[in-house]
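Let's take a walk through this protein model together, one stop at a time. Keep the structure open beside you and find each residue as we get to it.

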Amino acid sequence: MSLWARAQQLPPESLQKVRAIYGEHFPIEVRHCLATWIESRCWTQEPEEQQRFFVDELLQEIHTNTELMLSPEMFVTKMKLIEAAKIFRMQYSHAPHELYTYMRRCLALEMEVIQSAMGTPYIAQPHTERKYSELITGLQTVRQKVNMASEEIRSLQSNIESFSLQYHECLKHKGHVSYLQQSGGPMTPMTNERRELEARLRVQIEEIERRLNALVAQINQSQMELVDHMKDNIANLRQLQNQVLDEELIKWKREQQLSGNGVPMQSNLNTIQEWCELLADLIWSTRQQVNNVARINGKTIAELRQPHLAEMLDDMGKQVTSLLSTLVTSTFVIEKQPPQVMKTNTRFTATVRLLVGGQLNVHMTPPRVTVVIISEQQAQLLMKSDSGGGRGKQPAECGDILNNSGCMEYQPTSRQLSVSFRNMQLRKIKRAEKKGTESVMDEKLTLLFQSEFNVGGGELVFQVWTLSLPVVVIVHGNQEPHGWATVTWDNAFSSTGRVPFAVPDKVTWVQLAETLRIKFCYATGGDLSEDNLRFLAEKIFRTSLPLNPLELNAMTVSWTQFCKDALPERNFTFWEWFYMVVKVTRDYLRTLWCDRLIMGFIQKKQAEEMLAKCPPGTFLLRFSDSELGGITIAWTGEGNEVFSLQPFTSRDLMLRSLADRILDLAQLQFLYPNVAKDDVFAKYYTKPENEMLKNGYVKPVLVTTLPPYMSPSPAYAHSPDSHRNTPSVHSSYFSASTPAQTENSFMDSDLFEQIRAFEPGFDDFDMYGPNMSMK
C-alpha cells in the first residue's frame, strides 16, 4: 500500500496533521493526484545530477494528469493543478533541488504521522511503487495515443470531404466537356471559344484527377495507419486491463479474503477504481473511434473503400466491446463481505460496488442488485456456464434472505456507485446431503449478487454477478467454533482461480503456523513466539517433533488433524482448544498477554519442572490442556511442591478479573522467574470502592481464596483429577465484608442479579462446585 493510500485511512485528526504538513506551499491536490509518481521519485535519495530535472518532470507529470481530467467533477482540481504548476515554475525552476528536498521532508513527516496514528511502522516497497508508476505511465501513454488517433480521424474525415468536393467538381467538368462535344454536331460547328473552353476544362480535369489520385493515396495510407494505431491502442489497453484486473484487483480480492483471518490489507480499492475509470474512459473513446471510422467508411464513395477494411473495423469493434464487457463485469465487486459464519435469523450487512459506474454513467439508469444464497455445487455450475460463454439457467437458491434487493446509488464526492444491504437476514436454509463424517459446519455456501447495467444510454446492456467469499451457516452458537475452522482453513489456503470452493486437504506446518499466529495476533493484539508455535505443533502432531525447524516446517497437517480428530484423552479437537484460548485471551486477558505476564503455551510437566526450582510463592499462568478456554495458575508451595489452581474460564473472569484473583491469593508472591507480583499486576487491580452505593447499601466484593486444607500444611492437598500428576486446588469466593458471604447471601445480592440479567444461563451454576462450573 502506498504511503498516501495509508494516509487516507487515518482518523480525521491525524489526517488534518498530514494536510498541515503541505500547507500553502504545496497544494494537497498535487500530493493526491501525483501520489504514486512523487513517492517513486522522492522516497530514495537521488544524485544531485538527477535532481536538476525534478521540476521539469513534475510540471510534465502535472500537465499529463490535467489532460486526463475530462469530467466536470474534476474541473476545480484541474484548475488547482494548473495554478500549482505555474507557482512551481516561478519559485523553483532555478532551484529544483530545493523542491526535491522539501518533498522528501514532507514524506518523512507524513510517515511519522502515520506511524504515530497506526502504531505500526510503514515499510516502503520500491518494487510495488515502481510497478504502480509504470502502470500510470502506461495509461497516460495510451491516453496520448488515443488523442492522436482522434486527430488522425479528424484529418482523415477532412481529406475525405476534400476528396468528395474535388471528385464532384471533376465530374461536373467532365459533364461540361461531354455537353460541349455533344452540342458540337454537323449543324453547329465547334467554334474557337468552345475549343478553348474544352481545352481549359480538360486541363482542369487532369489537375483535379492528379490531386484526387494523390488524395486517394494519402487517404488509403491514413486509413491503414489509423487502423494500425487503433489496433496498437486496443492491444495496449488489453495488456493494461489484464494488469489491473488479473493482477491488482485479484490481489485485492485475495487480500480481502486473508483479512478475514486478520492479515492487514495492503491494496487500496479507491486506487484500483481510479485505474479502472481511466481504462473505461480510454476503452469507450477507442470504441467510439472505431465506430466513427466504420461510419466514415460506410459513407465513403466506392472508389475510396479499402478491401477488407470493413471486416477489420468490425473485428476491432468486437474486441473493444469485449474489453469493455470484461471491465464492467469484473469491476462489480463486494466491497464489504457478508459475515463468513452466518447465523440464521440474525441481521447482517454487505456492500457491493461498481468501480466504473460513475465513469460510464451507469447511475443514469439506477441498477437494482438482488442477493440470493446458493450452494457450493450451484456456484461451480455457475462458474462453468459462465466460462462457456453463457449464464445458463438461474441457480437454485438454498435459503430465504429478507431485504435482499436494493438500488445502487452514486456519491459524486467519492465517485462511487454502490449499494449497502444493512438489514439482510437469512430466515431458513436448505442443507445438502452429507457424506461420511461431514457436518453442517463443513458445508460452504455463498451469496450471489446479481444486477443488470445499461451503458451508453442503453446501447450496451451487461448482465453482471459476483460471488461472496464462502460462508458457513449455523443455527446455534455452539456451532460457531467449527464454522470458523472451515472459514479459517478456506481463507488461508484457497488458491486464485479455484473451482468453488476447493482447498487442499493437507498443508505444511509452516503455513498453518503462520495462519494461527496471525489469527491470534489479530484477535488479541499480541504475537506468538517460536516457542508458542512449537507448543502448538506438539499439540496438533501429538508426537515428538524434530529439533531442526526446517524439518518441522515441512511436516504436513491434515484438515482432519486440524479440527476433526479429538486430542488424546480429550473430547475436543485442536482447533476447538485453540479457538477458546484465543477467545478468552481476547475478551479477558488481552492486556496481560500483551505485557507478557502470561506464559500461556507451556506443557504442564514443563511448568512443574520450572517451578520446582523456584522459591515458594513463585507462580506462572498457563492455558489449561483439559479445560476449553481455561487459564490456570501453577505455583510452588512449601517443600517445593507444585500446585495448580483449577482453571478459570470466561464465566469466572467475568465475575472477577485474573489480576484481582492473583491479588486475592497471598500464596502467590512472585511471577516466574522472580518478579514481585505487585510490580507487574498492580496497574490491573480493581480500585476498591470507598463509598456506599447511592441506594445506601454496601456493595460486597467477591474474593478468591484457597480451601482451609491448603493452610498451613499444603502437603495435604490432593488432586481431584486422577489424570493430573500435579495437585489441583479448588478456589472459592468469599465476600470481603464480614461475615463471609454464603451462597444465599450472594444470590440475594445486586451483583448476582446483574450477572443473572447479563447471562440468562447463570441460574444453572453450582456455587459450591469448582469455579462455579455447570451442573
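Let's begin with charges: a search of the whole structure turns up 27 salt bridges, a salt bridge being a side-chain nitrogen of Lys or Arg within 4 Å of a carboxyl oxygen of Asp or Glu. Side chains of opposite charge can pair when their charged atoms come close. Before going further, bear in mind that this is a predicted model, where local features need pLDDT of at least 70 and side-chain atom pairs count only at pLDDT 80 or more, while totals for chains, interfaces and linings use all residues. Residues are numbered from 1 along each chain as its sequence is written, and side-chain values use heavy atoms, with hydrogens and water left out.

One of the salt bridges brings together the side chains of Lys-80 and Glu-29, at 3.2 Å from N to O. This pair links distant parts of the chain, since Lys-80 belongs to helix α7 and Glu-29 to helix α3 (residues 28–33), 51 residues apart. Helices and strands here are DSSP runs (H or I, at least four residues, for helices; E, at least two, for strands), numbered from the N terminus. Lys-80 has 40% relative accessibility, so it counts as partly exposed. That label follows a simple scale: buried is under 20% relative accessible area, exposed is over 50%, and partly exposed is in between (1.4 Å probe, protein chains only).

Next, look for Arg-353, which forms a salt bridge with Glu-335, their closest N and O atoms being 3.0 Å apart. Here, too, distant parts of the chain are linked: Arg-353 is in strand β3 (residues 347–354) and Glu-335 in strand β1 (residues 332–336), 18 residues apart. Arg-353 is buried, at a relative accessible area of 1%, whereas Glu-335, at 30%, counts as partly exposed.

Now try Glu-443 and Arg-431, another salt bridge, with 3.5 Å between the closest N and O atoms. Both residues lie in the loop between β8 and β9, so the pair ties together parts that are 12 residues apart in sequence. Glu-443 is buried, with a relative accessible area of 10%, while Arg-431 is partly exposed at 29%. Elsewhere, Arg-31, Glu-39 and Glu-110 are linked in a network of salt bridges.

On to the rings. How many aromatic pairs does the count come to? It comes to 27 aromatic pairs, where rings of Phe, Tyr and Trp (its six-membered ring) pair if their centres lie within 6.5 Å, and planes under 30 degrees apart count as stacked, over 60 as edge-to-face and the rest as tilted. Take Phe-421 and Phe-449: their ring centres are 6.0 Å apart and their planes are at 55 degrees, so this pair is tilted. Phe-421 sits in strand β8 (residues 416–429) and Phe-449 in strand β9 (residues 445–455), so the pair ties together parts 28 residues apart in sequence. Phe-421 counts as buried at 3% relative accessibility, and Phe-449 is buried at 0%.

Phe-520 and Phe-578 make another tilted pair, 6.5 Å centre to centre with 45 degrees between the planes. Phe-520 comes from helix α15 (residues 509–524) and Phe-578 from helix α19 (residues 574–594), so this contact ties together parts 58 residues apart in sequence. Both Phe-520 and Phe-578 are buried.

The expected span of a helix is 1.5 Å times one less than its number of residues. For the 15 residues of α6 (residues 54–68) that should give 21 Å, and the end C-alpha atoms are 21 Å apart, which agrees. Buried residues in α6 include Phe-54, Val-55, Leu-58 and Leu-59.

We finish with the backbone. A cis peptide bond joins Pro-500 and Phe-501, with omega about -15 degrees, and Phe-501 is in the loop between α14 (480–493) and β12 (506–508). Another cis peptide bond joins Tyr-672 and Pro-673, where omega is about 5 degrees. Arg-596 has phi near 60 degrees, a positive value in a residue other than glycine. You'll find Arg-596 in the loop between α19 and α20 (604–612), and it is exposed, with a relative accessible area of 76%.
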